[in-house]
Structures are given as C-alpha cells and as structure tokens.
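I opened my notebook to go through one model, element by element. Here is what I looked up, in order.

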Amino acid sequence: MKKSKATVLVCVTGQRDCDRLIRAGKKISDSQSIPLQVLCVQPTSSGFDADCEELEYLRQTAKNADAEMSVYFHDDAPLMAVGYAKSVHASHIVTGMAEAPVNGFVEIIHKLLPRIPISMVAKDGTVYNICPVTKNDRKTKKLILQN
C-alpha cells in the first residue's frame, strides 16, 4: 500500500487578508518540498450569503501558490478542520492569529492534533509557532517534576 504524501494545510476564514496565510503556507511547503492545501470553513448559515468575491480572490491566491482550495459549510470549524487535516495528511497547519474574543479554533486543533506544528500568522506578518511536545521534552518535564 502506497503511503499518502504529507501536506501543509492553510486554514483561512474567507477574508481577503487571509492571503498572507497562503503565502506563509507556501513558504513552509516549499521549504519542506510538500504540497499545499487551503481550507475555508464557513458557518452553515453563510451558504446563501458567502462573499463570493472574497472566496474567489483566496481561491485564485491558492491557485497561484499551486494549491487547491476547498470550501466547506459547517458550524464546527475546528472539528471540520481536524477531519480535513487528517484526510490530507497535514504535517503542518497555518492559521491566523486569534483576536479578542478568542474563539478557540487553534486551541481545539492543537488539542486534537497535538503532534502537528501550527504556525499562526499575525496581521503584520509575524509568525508564531506552536510546536508539538517530543518524547525528549516529556522526559525532561518528568525529571524536572521529580526534583
């Protein structure tokens, strides 16, 4: 059985400025020589009111980055993103930075996929990373706690 190739997954909200996330994801995918996927999860109620111009702009940005963009309508965006990440064998996830009020998107993804690094891109382009805990990190924590 052939093992599927890993991908970098970019999660966008459907806002035009999410293009920075696609560009950051492209840099990561190029550095790891793996494909890029873009996911947009919209609330179910947006099915009739989705901003087609914004989504088309992001789809074109994804296409220019040699990525496929998928749009789903679902009311539990983090759960949908986790399922999609598993289906495309995501080895790295790129999101935006949570602003107030925090919706828990990144926290839920990290909790459900703790071994996948997550890069969060702020509006100014600064990238913040959540790195998975490795076995060595766990051993270090145990040693520190025992002392």
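**Entry 1: Thr 7**

I began with the contacts of Thr 7. Leaving aside residues up to four places away in sequence, Thr 7 touches Ile 34, Pro 35, Gln 37, Val 88, His 89, Ala 90, Ser 91 and His 92. I note that the model is a predicted one. I then looked up where Thr 7 sits, and found this residue in strand S1. Is Thr 7 buried or exposed? Its relative accessible area is 6%. Buried means under 20%, so I log Thr 7 as buried.

**Entry 2: the sheet**

Next I traced the sheet. How many strands form it, and in what order? I found 6 strands in an open sheet, ordered S3-S2-S1-S4-S5-S6, with mixed pairing. The edges are strand S3 (68–73) and strand S6 (127–130), each of which pairs on one side only.

I then checked one pairing. S1 covers residues 7–12 and S4 covers residues 90–96. The two run in the parallel sense, paired over 4 bridges. For Val 10, I found Val 94 as the bridge partner in S4.

I moved on to helix H3 (residues 77–87). Which strands does H3 lie across? I list S1, strand S2 (36–42), S3 and S4. H3 runs at about 155° to S2.

**Entry 3: the cores**

I turned to the nonpolar packing. The largest nonpolar core has 20 residues. Which members touch the most others? I found Val 10, Val 12, Ile 22, Val 38 and Val 94. S1, helix H1 (19–32), S2 and helix H2 (52–64) are the elements that give two or more residues to this core. H1 supplies the largest share, 4 residues.

Not counting residues up to four places away in sequence, Val 12 touches Cys 18, Leu 21, Ile 22, Val 38, Leu 39, Cys 40, Val 41 and Leu 58. There is also a second, separate core of 18 residues. Its members include Cys 11, Val 41, Ala 81 and Ile 93.

**Entry 4: rings**

Last, I looked at the aromatic rings. I counted 1 aromatic pair in the structure. I also looked for a charge over a ring. Where does the charged end of Arg 16 sit? I found it over the ring of Tyr 57, 3.8 Å from the ring centre.

Conventions:
Residues numbered from 1 in each chain as written. Predicted model: local features only at pLDDT ≥ 70, side-chain atom pairs only at ≥ 80, totals over all residues. Heavy atoms only, no water. Pairing = 2+ DSSP bridges. Contact = heavy atoms within 4.5 Å. Axes fitted to C-alpha atoms, helices over the stretch in contact; angles between N-to-C directions. Core = buried A, V, L, I, M, F, W, Y, C linked by side-chain atoms within 4.5 Å. Buried < 20%, exposed > 50% of the residue type's maximum accessible area, 1.4 Å probe, protein only. Phe/Tyr/Trp six-rings, centres within 6.5 Å; stacked < 30°, edge-to-face > 60°. Lys NZ or Arg CZ within 6 Å of the ring centre and 35° of its normal.
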